Amino acid sequence: VREVTVNHIDGSTEAARFRLLYDLGCAFASRLQLDDVVDVVIVKCREVLGAEAASILLLDAERNELYFPYTAEVDPEVAARLREIRFPADRGIAGAVVKSGEPVCVADVATDTRFYSGVDRRTGAHTRNLLCAPLRSQRGTIGVIEVMNRRGGTFSDDDLAFLDALAGTIAVAIENARMYAQLKEQVVVLERAVREHNELLALRRELDIARSIQQSIVPRRFPERPDVEIFADMLPAQEVGGDFYDFFFIDVERLGVVIGDVSGKGVPAALFMAVTRTLLRSTALSGASPAECLARVNALLIPENTEQLFVTIFYGILNVRTGALDYSNGGHNPPYLLRADGTVEMLARTAGTVLGMLEDVRFNGGTAALDHGDGLFLYTDGITEAMDPAGRLFTDSRLRSALARTKDATPERLIQSIIDEVQRYTDTAAQNDDVTALAVRIGTPQKPRHSSVEASVTITLRNDLAELEGVSDEVEAFGQTHQVPARAVFDVNLCLDEVLTNIISYAYDDGAAHEIIVRLSVNEGSPATQSSRELRIEIEDDGRAFNPLAVEQPELSGPAEERPIGGLGLRLVRKLMTGLEYRRSDGKNVLLMHRVVAQ
Amino acid sequence: VSSQESRTHITENREKGIVVLAVAGRLDARTAAALEQRLIGMIDAGEKRFVIDCAKLDYVSSAGLRVLLIAVKRLASVSGIIALAALQEQIEYIIDIVGFDTIFQIHSTTDEALTALAVTTK
């Protein structure tokens with residue numbers, strides 16, 4: 001017991017009693033452990049009252065039992081037995097006091113019918129007389145304090161009054177200690193909950209960010225062309241790895257295909273992947289050879305690489321007309337060449353290694369020849385290193401035989417069946433890496449789409465909204481003829497609708513008929529000028545001068561009440577078109593819209 | 001006029017006090033007025049909860065977006081609500097571009113929208 005100041009009590013004098021009460025108050029107010037103070041207090045209480053024993057009985061409200069957490073028995077064996085004892089809360093004098101809340105003085109327990117002899121039987125003690133006072137708290141009686149067997153006589157009413165006063169102080173102390181412990185427990189639980197919640201949120205946010213970077217990078221729309229079919233898919237792992245794929249037409253007949261895998265996971269890997277993909281695409285569209293591209297991207301990545309990540313990349317250029325494949329491999333799993341007859345060949349390895357770590361790496365090029373009906377299968381090690389529940393790898397050989405079984409499958413069916421097979425293999429095991437694959441197949445030979453680089457159509461309409469339907473039909477037909485992706489046709493139609501509706505509704509004050517001219521053309525683009533395939537839409541009207549590009553952009557955030565009703569059409573045009581130019585010449589408004597369509 | 005009607009078709013239903021307007025076809029400068037009259041008329045008559053079922057809506061231009069914005073503004077002043085449901089991909093894209101995803105409740109199905117609106121207010 002540390003420094004309990006209730007130990008200089010010497011006798012049963014009035015002064016000693018007050019001293020005990022006073023010291024008790026001080027002790028409870030100090031930061032001593034409740035148990036230590038109570039233990040000393042009941043010993044002193046026994047001494048002051050000249051008794052043989054004193055105990056505190058507390059009520060276990062859940063079980064409706066009384067038990068002895070504190071006792072001042074002289075005999076240690078009796079004390080030990082007492083601590084084991086629990087009895088029903090409605091038994092004995094203690095039970096009666098708990099119920100009534102009034103202190104009692106019993107001069108002879110043998111004549112008191114409330115007396116419960118069970119405790120004496122179990123401890124071997126012999127109770128003759130006793131004092132019992134309730135421990136009253138704000139929440140009711142929480143137990144009693146009992147003092148037994150006055151040495152050489154019986155207890156007085158003064159003794160009872162003293163015990164009652166003492167009981168009041170002890171009850172408050174016990175109740176405070178209980179509430180404090182409960183509060184501390186709640187605070188700990190609450191703190192832990194808040195911490196776990198925050199950690200979870202941070203983790204989830206990080207995962208979401210990484211995943212959305214990855215998902216926004218890889219193209220999800222696949223061109224529909226008779227001369228080549230492309231399909232790709234990616235199953236991101238729970239903790240996003242750094243896989244990506246890409247494809248794009250460098251010109252009318254040369255298709256670039258890319259697959260890569262960044263070391264590491266999470267947001268840093270996703271960002272590195274985004275940078276790599278952008279660098280590679282921009283280098284590739286300049287028309288450089290695959291080996292040259294990888295060397296340039298490697299040089300560009302090194303200064304960006306603060307996280308010491310690296311990336312493996314396979315980049316191939318497939319001429320879909322001739323079937324010639326040029327490629328270079330920067331440390332990636334060699335893709336497979338899928339012959340139309342079902343043969344599976346691994347593309348020959350070429351000199352080169354991972355990108356982003358070492359300067360002056362030499363990348364060599366490789367070539368292969370594909371025939372019509374032949375295909376390519378690019379993949380990441382998430383496939384070959386997928387594990388079954390027993391931890392065994394999927395392996396190259398399993399992939400190879402799976403590929404051999406998919407003879408004649410379209411790229412989409414091929415990818416689906418491989419991914420299905422990997423998932424069946426993984427079964428209940430966790431997918432711990434991204435699973436990514438891209439497949440290409442050369443279709444039937446085709447005449448060049450158009451001998452000229454540019455094809456165009458001119459549509460003339462009157463200033464009447466009813467004319468718009470015809471315009472939309474013409475654009476659809478043009479898109480079909482020139483294999484413009486459906487999305488681009490939709491966007492161009494919407495923007496034409498917006499611009500023409502504006503002109504028809506606001507450009508004329510004279511109520512007369514006017515002609516509006518729409519020229520639609522597709523420019524195939526060329527690597528020499530670093531241009532992509534694009535649609536050009538020129539709209540000419542002789543209405544009042546109006547430059548749509550000079551119109552201020554509407555506020556598009558904030559509550560509905562603050563959104564302007566107008567200006568939405570121009571907003572759409574600005575967002576959906578790649579570029580806009582306006583000029584006023586010869587009394588006419590000419591608006592030129594561009595829309596890049598190459599993937 | 002006949003061409004107008006063949007291009008847009010509006011069907012009205014009512015479920016648990018919520019008006020469901022299924023808009024099919026094209027919502028552009030020529031057809032938006034029909035929806036505007038219908039919608040604003042109902043709001044003025046005291047209707048407060050709307051679901052626009054866009055499953056068969058193939059096309060929407062700014063003229064159509066304008067009607068939706070007018071409706072949401074009117075409803076805001078009477079604590080009403082309007083949700084868009086079952087948007088086709090290209091329409092959802094347009095909705096996002098103009099930032100309407102932040103002022104409309106958007107649900108993948110009409111049922112989902114109805115459930116959401118049923119619990120919002122009475």
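Let's start with a hairpin: β1(B) and β2(B) form one with 2 residues between them, and K16(B) in the turn has a positive phi of about 50 degrees. Helices (H or I, at least four residues) and strands (E, at least two) are DSSP runs here, numbered from the N terminus. This is a predicted model, where local features need pLDDT of at least 70, side-chain atom pairs count only at pLDDT 80 or more, and totals for chains, interfaces and linings use all residues. Residues are numbered from 1 along each chain as its sequence is written, chains are lettered from A and ligands numbered from 1 in the order written, and side-chain values use heavy atoms, with hydrogens and water left out.

**The hairpin and the rest of chain B**

- Strands β1 (residues 8–15) and β2 (residues 18–27) of chain B run antiparallel and are joined by 8 bridges; two strands pair if DSSP finds at least two bridges between them.
- Within that pairing, T11(B) has A22(B) in β2(B) as its bridge partner.
- Chain B has 5 helices and 6 strands, and along the sequence they follow the pattern α-β-β-α-β-β-α-β-α-β-α.
- Of the 122 residues in chain B, 52% are buried (under 20% relative accessible area; exposed is over 50%, partly exposed in between, with a 1.4 Å probe and protein chains only).
- Take the contacts (heavy atoms within 4.5 Å) in chain B between residues at least 6 apart in sequence: 69% of them join residues at least 24 apart.

**Where chain A meets chain B**

- The contact takes 28 residues from chain A and 28 residues from chain B.
- About 2,300 Å² is buried between the two chains, with carbon and sulfur atoms giving 64% of it; buried area is the accessible area (1.4 Å probe) that two parts lose on being put together, summed over both.
- The count between chain A and chain B is 1 salt bridge, meaning a side-chain nitrogen of Lys or Arg within 4 Å of a carboxyl oxygen of Asp or Glu.
- That salt bridge pairs E89(B) with R221(A), the closest N and O atoms being 3.0 Å apart.
- On the chain A side, α12 (468–481), α13 (486–506) and α14 (568–576) are the elements that give two or more residues.
- Of these, α13(A) gives the most, with 8 residues.

**Salt bridges elsewhere**

- Over all chains, a search of the whole structure finds 37 salt bridges.
- R225(A) and D227(A) meet through their side chains at 2.9 Å, N to O, and both residues are buried.
- R392(A) and D388(A) also form a salt bridge, with the closest N and O atoms 2.9 Å apart. Here R392(A) is exposed because its relative accessible area is 53%, whereas D388(A) is buried at 8%.
- In chain B, the side chains of R26(B) and D28(B) meet in a salt bridge (3.5 Å, N to O), and D28(B) is buried, with a relative accessible area of 0%.
- Salt bridges that share partners also link D60(A), R63(A), E65(A) and R86(A) into one network.

**Two buried spots in chain A**

- S263(A) sits in the loop between β9 (254–262) and α7 (266–285) of chain A, and counts as buried because its relative accessibility is 17%.
- Beyond its neighbours within four places in sequence, S263(A) is in contact with A269(A), L309(A) and F310(A).
- L414(A) lies in helix α11 (residues 411–426) of chain A and, at 4% relative accessibility, counts as buried.
- Leaving out neighbours within four places in sequence, the residues in contact with L414(A) include L338(A), F377(A) and A439(A).
- L414(A) and A439(A) are 25 residues apart in sequence, with their C-alpha atoms 7.7 Å apart in space.
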